[in-house]
Amino acid sequence: MSISRCWSALLLLLLLGPAFAQMPGPVKPGHPRLYITLDDITRLKAGVFTPALDPGGGHFIVKFTPGAKIAGTDNVNLPVVGPNDEQGPAFVIRHEDGADTAGRARIVVSLRSGAGQVGVKIIDPELGDEVVVALYWRANGTADLTVDGETVALNVAWQPSPRQLMLLGRRNDQFNFIELSDANGVRTPVINRTAHENWFGLIFEADQFVKNNAKCMQNPPAGVACDAILSEGRNQITAPARILGLAYLLTDSVAEKARYADAAKLYALRLDAAPRNAGAAWSMSARIGAMGLLFDYVYEPMGDLIAPGSPFSYRAKLANAIRETARAAEMAAVVCGPNNPLTSNFTCTTPVAFTTPYAGPNTARSYISGHMQSDAFGAALGLLAIVDEQSAVKPMIDTIYNHFKSGFVPAWKQIAVHGGYHTGYAYGSVGGEVAERLLMWERVVAPGSVTGPMFDTSWLSRIVFPYIYALRADGFYPASSDSYGLTPGNEAVGQLALVAAKNGTPEGLSFYKEEVLPRRAILNAHSAWEDLLYGPIGEPTAILARLPLARASRSSGQFVMRDSWNKQDATVVDFRSTPFISRNHQHLDANSFSLFYRTPLLLDSGIYDNYETVHWNNYYSRSIAHNTIVILDNPADDTSFGPYSNDGGQWLNGRQQAPTLEEITPPAGANVVGGITYVENQPGYAYAQGDASKAYLPGKLVQERGYLRDIVLLRNAGTQATVVVFDAVRTMNARKATALLHFQWGIHNQNAVKTNLNEGRTNFDFGNGPRVFTSRAGEAMITAQVLLPYNAVIRQAGGIQTDASNDCLQWTGNITAEVYGHDCRFTAPMLINGAWKWYNFAPAAPQAPAGPDSDYGRYRVEIEAAGVPNGQDGQFFLTVINPAANDQAENNVANVTPALLLASDANSAAVFVDSRAALIFNRAATQSTGYEWRVPGTGSPFLATGLVPNKPYQLTISYDGPTNSTLYRLQQGSGGTHTSSHEGTIAQDL
């Protein structure tokens, strides 16, 4: 080779970044190898008692105490003893929920043959009373059944089936005594409630799939969604294969094992029959993963021939389908990057560049999102399952591993290092699934072949904290970003909690036991999977109520404030200011917040009907749907929003919708916009400041300190918290800023004169009176006192109109045929031929549950100054917010303690709140070196914000008798009486 060619090769290697790395150890031999081992299966089985009644004869005695049904947890008509379906001969003791009466439970005890009931006894014991059931049977078909000492008449001979019995019941049921006598002797087991729930929950879901899977082979399919394997993703395609495979591994019954193996073979044929590229990479990867799990978990039966004389076994069919699907162009783009096909030996034609400067094919713009990671991982599952038999696939496995090592994990670490994720609670919960994937990689290598961890997982210890803090009394999370009604019972949240516990955060285990498990139905497959992955979880040691009442996750842009850990009566404020801007499931909502007290009171509005729908593009994901700032005036000269609504809000402005890790890295990343700049939590208050200046178009806002929001939650002993929001906004070209508040229901003040403005908008004229209004919802209400701007203009938009006088335009996509309607809940302005018109962008029917309708929102309040700003002079908004129990005084403003705007120097805005405390905010364009303010009376506690951090300040206090007021002066200087905090605050007596 010539010298010049050597230098060229060396230069190429340097440009491609770190050398391509193989997995750090060999794939472990044998099956199962994906996620789990046979030792894990053995451990799980050891905790359960799953007897099959011996046809040769024996007896079964059970004493139990029935308990009350727990709604949402106890499945319908749960068996206390018996199989989990209605098929074949069985011994059954079950609840009949619909016949329960006050203080009593309906219990049905029966023997069933293949032809129907042999004998039935129905009883209604009081809750807490013990029930005794005894069954004796013999090989000749005779049997005796007694319930609380009474003999049950049997009309024909009865013999048991070889199916395993479920011993479960409601969560409040209690097993007191069990005795089984058969050919194996006499056994008196003690029931491990948790182990039984885990086991039978998985078996229940496996049996549901077995039935639906069989229906899909009928022609036509009998009432089930059989085409999911053509278009859906991992939850609908891969998860059933995992559950089916686990059921096969867990059961010891020969008959049951054969039943699950047959179902797995049937599912394998269905997956193989699907067109290889059906559903593109999203569905292709899910099918690869499903086939890999079937291959791995049901390994031995899959070695059977598909039919007598066939040249193919099920295993060979699966391996071939995995290879063909993985090599397709759609999957090559996932693993190798665009226009970079896989070769015949499963290497990328051109080596992939995993790190900056990405000098070569790459997928770097997918590292912070979820779809590409799911697609790559699904492929890895299938390939790892068959690599023993199909060693040629190993290079593709190594490439996917490198994506995790150099791309996905560094991205998650940067964003989730303080907890949470930038996509909000619903899609951010995928962090639990990411942890599961990393665990699979760790476990699939041969034991002892790797020294040290394969990935940096230090961030996993903190990822659960936003989910602990933001949980609301209604059992849901704030509907931030794309939201589908997430609850702690979700599998991903459970894994977030457990992986945090395994990584040194004891609060994770407490949260799992106290909030996750109680919110799941007893019969679910999640808990068994978590047990297999994370082992015995033990008992929690941390007390969640001892945690501080606020926690910041600056890297993901979340700060959650509470006034107590009393879940049912806590005020929860979720403040969001993500440090970067992107599009995939992230909303344009920097410096927004929501507030919950008994019900959502201030909320992120809209409905997640699907990704990139008309509603999503024009309203739901946009700033106008959130409690933040928009610039609504002078829209006609701004075409930056292209074909979408011109909401005057935050916008990408040429920045990448799917940024690389480097583009979101402060301070110089192209997509960096600010984020949470200061946070502080003390016993009496929580405080945060967010900077969203660069989230807006440069022509709308000054890009340095152009939009700072300060938010304070004051904790009030004996009453609900008070929330104070201060905005300092500096716009370009004298544009007027508008602050938004979104409510469930409309606002009220009996003294305001209301005028319809058409387009679903109403003006509230308060005259010279205070700008105060109340919105009521369910058991709660919220009152807002708008102190700045002076004499603010207050408009209400939205609602479902009751007559045509205030109807609004409905977006149909046809601008020449205007259609008006009553629904005005989701209005945004649209630039049409140079004119500004308000349209309602109604959602389509969501494809999946979009969460409680209390989160959708109906009304938006717009707050702005009466006049036009002078150049880039600051525009200031100061609102005091009081949540409280609903006083039922409909149409009237609630009675709240008036907030007082205090006399202060030109560089500060000061407010006296709850007749007890002064809050001072910064109006200047730079951090403040001093404030001056006057409070009524002889003084008060105070919190001064916006100061230069970590600097000495001199405080002087002087009382003025004639005015009965006290003047405070706070001035930076050496030898001061106070030192500002690292967060730029000074507080006294608060």
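# Close-up views of a predicted model

**View 1. Strands 18 and 19 pair side by side.** Strand 18 and strand 19 run antiparallel and are joined by 7 bridges. Strands pair if DSSP finds at least two bridges between them. Helices (H or I, at least four residues) and strands (E, at least two) are DSSP runs, numbered from the N terminus. Y678 stands opposite Q689 in strand 19.

Residues are numbered from 1 along each chain as its sequence is written, and side-chain values use heavy atoms, with hydrogens and water left out.

**View 2. Strand 19 is covered on both faces.** Buried means under 20% relative accessible area, exposed over 50%, and partly exposed in between (1.4 Å probe, protein chains only). On one side are Y685, Y687, Q689 and D691; on the other are A686, A688 and G690. In a regular strand the side chains alternate between the two faces of the sheet. Strand 19 also pairs antiparallel with strand 20 (residues 707-714), through 7 bridges. There, G690 has R709 as its bridge partner.

View 3. V729 has Q875 of strand 34 as its bridge partner.

View 4. In the largest core, L34, Y35, Y297, L384, I400, W441 and F511 touch the most other members. Helix 11 (residues 394-416) gives the most to this core, with 11 residues. A second, separate core of 55 residues includes L588, W651, A737 and I747. Leaving aside neighbours within four places in sequence, Y297 is in contact (heavy atoms within 4.5 Å) with residues including P32, R242 and W529.

**View 5. Y367 and F408 form an aromatic pair.** Their rings are edge-to-face, 5.2 Å centre to centre, with 80° between the planes. Rings of Phe, Tyr and Trp (its six-membered ring) pair if their centres lie within 6.5 Å; planes under 30 degrees apart count as stacked, over 60 as edge-to-face and the rest as tilted. Y367 lies in the loop between helix 9 (329-336) and helix 10 (371-386) and F408 in helix 11, so the pair ties together parts that are 41 residues apart in sequence. Y367 is buried at 2% relative accessible area, and F408 is buried at 1%. Both belong to one aromatic cluster, which includes Y35, W441 and W529.

**View 6. Two arginines sit over rings.** The charged end of R315 lies over the ring of Y299, 3.8 Å from its centre. The charged end of R761 lies over the ring of W838, 3.9 Å from its centre. The criterion is NZ of Lys or CZ of Arg within 6 Å of the ring centre and within 35 degrees of the ring normal.

Conventions. Predicted model: local features only at pLDDT ≥ 70, side-chain atom pairs only at ≥ 80, totals over all residues. Core = buried A, V, L, I, M, F, W, Y, C linked by side-chain atoms within 4.5 Å.
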